Each structure stands twice: as C-alpha cells, then as structure tokens.
Amino acid sequence: MARLKDCLNIEDLRQAASRRAHKMVFDYIDGGADDERTLVNNSRAFDRYDLAFKVLTGVDHIDPSITLLGERLDVPFLCSPAAGNRLFHTEGERAVAKAAADVGTIYALSTLSSVSLEEIAELTDGPKWFQLYVWKDRALVKEMLDRARAAGYTALVLTVDFPITGNRERDPRNGFTIPPTYGVRQAIDAVRAPFWTRDFLLGPPIRYANLSGDTPAVSLNQFVAEQLHAGFDWKDAEWLLGEWNGNAVIKGVVRPDDARRAVELGFDAISISNHGGRQLDHSPAPIDALPAIADEIGSDAELILDGGVRRGTDILKALALGARAVSFARPYLYGLAAGGYAGASRALQIMADAVRRDMALMGIRSVSEIDASFVRTR
Ligand SMILES: Cc1cc2nc3c(=O)[nH]c(=O)nc-3n(C[C@H](O)[C@H](O)[C@H](O)COP(=O)(O)O)c2cc1C
C-alpha cells in the first residue's frame with residue numbers, strides 16, 4: 001500500500017483509498033448518479049478557466065485566511081458534510097473533525113453521521129456547522145435543531161438537492177447496503193481489502209448516531225425512502241429558518257432565481273452544489289453555475305462553491321469568480337478511507353499547501369486581492 005506521505009495530490013489519495021477500502025465502500029464514495037456526467041464534469045469544468053497571474057507583487061508573506069459567516073478560517077475551504085464515515089474507516093467523523101480543526105477550518109457534520117453531534121462538538125475547539133436533511137417528522141427536526149444549538153454548532157446547513165435519493169448505479173451493482181451485507185462477491189472483495197475488513201469487523205457497528213442512538217442503521221435507502229420529506233418546499237424552509245433562528249446555509253442551489261429566493265427568505269450563505277454529482281445527472285458544474293449566481297446575489301449573501309475541487313488552482317478560480325469559500329467531501333473521504341485521521345489530515349494539508357503555493361504563483365498575498373481579472377474563460 002502506498003504510504004500517505006507518498007501521496008502528493010488528491011488523486012494519489014483516491015488510488016490509495018481504492019486499494020485499502022472494500023470495493024463497495026470505495027464506490028459509494030467515488031460514484032455518482034446515472035452516467036456520472038456531472039460527477040466528471042464538476043472537476044473537468046475547472047479546465048475551461050485559466051489563471052492570469054500577476055508578477056512582481058512581492059509574495060514573501062501569504063495569508064490565505066478568510067471570514068465566513070463571521071468566523072475566521074485559516075484557509076478558504078471547509079469540509080462538506082458526508083454521511084456514515086465509520087464505513088470508510090473506524091476513526092470516522094472523529095478523524096475528519098480533528099483534521100479540520102488542525103488546518104483551522106469548519107467541519108460541517110452530516111445529519112447521518114456515525115458519531116453523535118454532541119461527541120463531535122466536544123472533540124475539538126474548531127468551528128462546526130450542522131447539516132440537516134428534512135425528515136417528515138417535524139418533532140425530530142426540532143429536536144435536532146435544539147441539540148445542534150445546545151452543542152454549539154454555529155450554522156445550520158439545509159441540504160435541498162436531495163428530495164429523494166439519486167440513481168447511483170454502482171451501489172446496487174455492488175450489492176451495497178448500510179450496514180453492508182455479504183454475499184459471495186462481497187466476501188471475495190472483503191478478502192481483497194484485508195485491512196478495511198479487519199477494522200470494520202472488529203470495530204463497533206455503524207449507526208446513524210444522531211437519529212438512532214444505539215440502534216444499528218437500517219439500509220440507507222430504506223431509511224431515506226421512509227423518512228425524507230420529499231414534499232418540503234419554500235414555506236417549510238421559512239418555518240425551519242424561524243425555528244433555527246441563527247446563521248443558515250442553503251446547500252444544493254445552481255440557479256440564480258433559487259439563490260435570490262433563498263436570500264429573500266433569510267439564508268445567509270448559498271452553497272452552489274449538485275451534491276457532488278450524486279443526485280441529478282447533467283446538472284451544471286458548480287464552477288459554471290457560480291458566475292450567474294454571483295451576478296444575481298452580489299454581496300447580499302456569501303457564496304460557497306461545492307463540488308469537483310481537487311487542486312489549489314480550483315479554489316482560486318472559484319474565489320476569483322465570486323465565491324467566498326469552497327467546500328469538498330471526497331478529497332478528505334479518500335484520505336480517511338486510505339488511512340484514517342492521518343489520511344484525512346494529509347488531504348487537508350495538501351489542499352492548504354496548494355492554496356498558499358498557488359496564491360504566491362498568482363502574485364496574490366491575501367484572499368481579498370483576488371478578483372475576476374485573474375480568470376480567463378477559454
Ligand atoms: C460519500 C458521500 C456522502 C455524502 N453525504 C452527504 C450528506 O450526508 N449530506 C450532504 O448534504 N451532502 C452529502 N454529500 C455531498 C457532499 O456534501 C458534497 O456536496 C459533495 O461531495 C461535493 O463534491 P466533492 O465530493 O466532489 O467535493 C456526500 C458526498 C459523498 C461523496
């Protein structure tokens with residue numbers, strides 16, 4: 001197995017994850033909906049933009065810090081929410097929370113985390129947001145908001161691109177369920193992934209710790225089908241904002257009109273996202289959706305670009321086109337699956353180093369100096 005320190009970039013970590021994790025688990029992280037056009041395009045779309053660097057600006061001191069919803073972050077990126085991290089590595093969300101705090105950024109914890117929101121809140125002093133899927137049971141939603149507020153989460157992230165689950169064909173093809181079940185094929189693949197299998201079988205069972213307490217998770221698809229509130233609409237979002245009464249991010253918007261409506265309703269930030277290509281295939285890449293939303297919203301809300309970010313240059317392109325910050329999940333999930341805390345940490349450090357290096361190469365000393373003049377559309 002490649003050593004983590006030999007992983008120079010996110011693709012190296014992806015390869016390391018594919019070697020360590022069970023195939024069905026790796027595919028759950030790596031895959032997207034339908035023909036995976038959006039999954040691929042999310043990253044590829046960055047190639048349509050070039051960076052016109054400045055020279056002789058004196059770049060001996062680089063400051064990549066930003067302010068996002070009033071919080072100072074040491075880097076212009078944060079960790080997007082991702083479900084059930086215990087599947088990828090026994091250290092699960094604990095590892096990611098620590099790695100995020102180390103680089104001085106926000107960890108957005110998923111509703112469907114395998115460690116409770118209270119435990120993650122206690123684990124580090126780093127800033128944390130709580131991501132919410134909306135369940136049919138309003139009492140459950142209210143209880144979660146109360147718990148997140150009491151635990152000190154500083155913003156609510158409402159994910160809106162997930163009214164139902166997207167069609168991810170790798171999962172049924174692999175016979176993937178949460179928790180995993182084993183037929184002959186899964187057992188053969190388990191032998192091919194001995195480190196993952198040993199850790200998974202010896203560790204505690206996976207559960208959705210925010211929902212089910214000590215009860216093992218039922219199948220994700222079954223749970224989502226039963227509990228997700230597909231009828232949730234703008235009126236319900238208004239109700240939710242009133243219940244939360246704090247900083248709120250709407251995650252999963254690609255249209256300027258939806259972005260405008262969200263701002264009018266009271267959302268403080270918009271995460272331009274298509275769920276990493278896991279929901280509607282052929283939805284636009286966030287980097288392509290960003291300019292029109294930035295034009296529409298101006299400074300009325302803060303914009304986060306989410307999806308496809310793998311390089312420092314991707315981050316700087318997004319900032320130049322109007323994002324306040326970017327977020328990503330797979331980069332740290334590959335790291336986690338490849339090597340627990342050390343791997344998640346490696347992923348975030350690779351990104352942090354890349355931002356600094358690329359800022360210097362662009363002739364930018366602080367993030368406030370970045371503007372549209374640095375980007376050329378090919
Ligand atoms: C394995 C996995 C699980 C995810 N779980 C959630 C989730 O629980 N809630 C959520 O809002 N988004 C979830 N997402 C979407 C991410 O938050 C994010 O929008 C997306 O992964 C961004 O694309 P990137 O991974 O290419 O950076 C998940 C993504 C992955 C890959």
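**Exercise 1. Determine where His 282 is placed and whether His 282 is buried or exposed.**

His 282 sits in the loop between β9 and α14; helices (H or I, at least four residues) and strands (E, at least two) are DSSP runs, numbered from the N terminus. The model is predicted: local features need pLDDT of at least 70, side-chain atom pairs count only at pLDDT 80 or more, and totals for chains, interfaces and linings use all residues. Residues are numbered from 1 along each chain as its sequence is written.

Step 1. Take the cut-offs: a residue is buried if 20 or more other C-beta atoms, placed from the backbone, lie within 10 Å of its own, exposed if 12 or fewer, and partly exposed in between.

Step 2. Because 12 other C-beta atoms lie within 10 Å, His 282 is exposed.

**Exercise 2. Describe the backbone and the burial of His 275.**

Step 1. His 275 is placed in the loop between β9 and α14 (286-297).

Step 2. Its phi is positive, about 65°, although His 275 is not a glycine.

Step 3. His 275 has 24 C-beta neighbours inside 10 Å and therefore counts as buried.

**Exercise 3. Characterise the surroundings of Gly 266.**

Step 1. Gly 266 belongs to the loop between α13 (256-265) and β9 (269-273).

Step 2. With 15 other C-beta atoms within 10 Å, Gly 266 is partly exposed.

Step 3. Leaving aside residues up to four places away in sequence, Gly 266 touches Leu 241 and Ala 248; contact requires C-beta atoms, placed from the backbone, within 7 Å.

Step 4. Ile 250 is 16 residues from Gly 266 along the chain, and their C-alpha atoms are separated by 10.0 Å.

**Exercise 4. Describe how α4 and α16 pack.**

Step 1. Two packed helices are described by the angle between their axes and the distance between the axes.

Step 2. The axes of α4 (residues 92-103) and α16 (residues 330-362) come within 9 Å and cross at roughly 15°. Axes are lines fitted to C-alpha atoms, for helices over the stretch in contact, and angles run from 0 to 180 degrees between N-to-C directions.

Step 3. The two helices α4 and α16 are therefore roughly parallel, the term for angles under 35 degrees.

Step 4. Residues of α4 in this contact include Ala 95, Ala 99 and Val 103, and those of α16 include Leu 336, Gly 340 and Leu 348.

Step 5. By class, the contact of α4 with α16 has 11 nonpolar, 3 polar and 2 charged residues. Ala, Val, Leu, Ile, Met, Phe, Trp, Tyr, Cys and Pro count as nonpolar, Asp, Glu, Lys and Arg as charged, and the others, Gly among them, as polar.

**Exercise 5. State how α15 meets α16.**

Step 1. The axes of α15 (residues 312-320) and α16 come within 8 Å and cross at roughly 60°.

Step 2. Gly 312, Thr 313, Ile 315 and Leu 316 of α15 meet residues of α16, among them Met 351, Val 355 and Met 359.

Step 3. This contact of α15 with α16 comprises 7 nonpolar, 2 polar and 2 charged residues.

**Exercise 6. Identify the buried residues of α2 and the helices they pack against.**

Step 1. In α2 (residues 23-30), Met 24, Val 25, Phe 26, Tyr 28 and Ile 29 are buried.

Step 2. These buried residues of α2 pack against α1 (10-20), α7 (170-174), α8 (184-192), α9 (194-202) and α16.

Terms used
Angles under 35 degrees count as roughly parallel, over 145 as roughly antiparallel, 65 to 115 as roughly perpendicular and the rest as oblique. Two residues are in contact if their C-beta atoms, placed from the backbone, lie within 7 Å.
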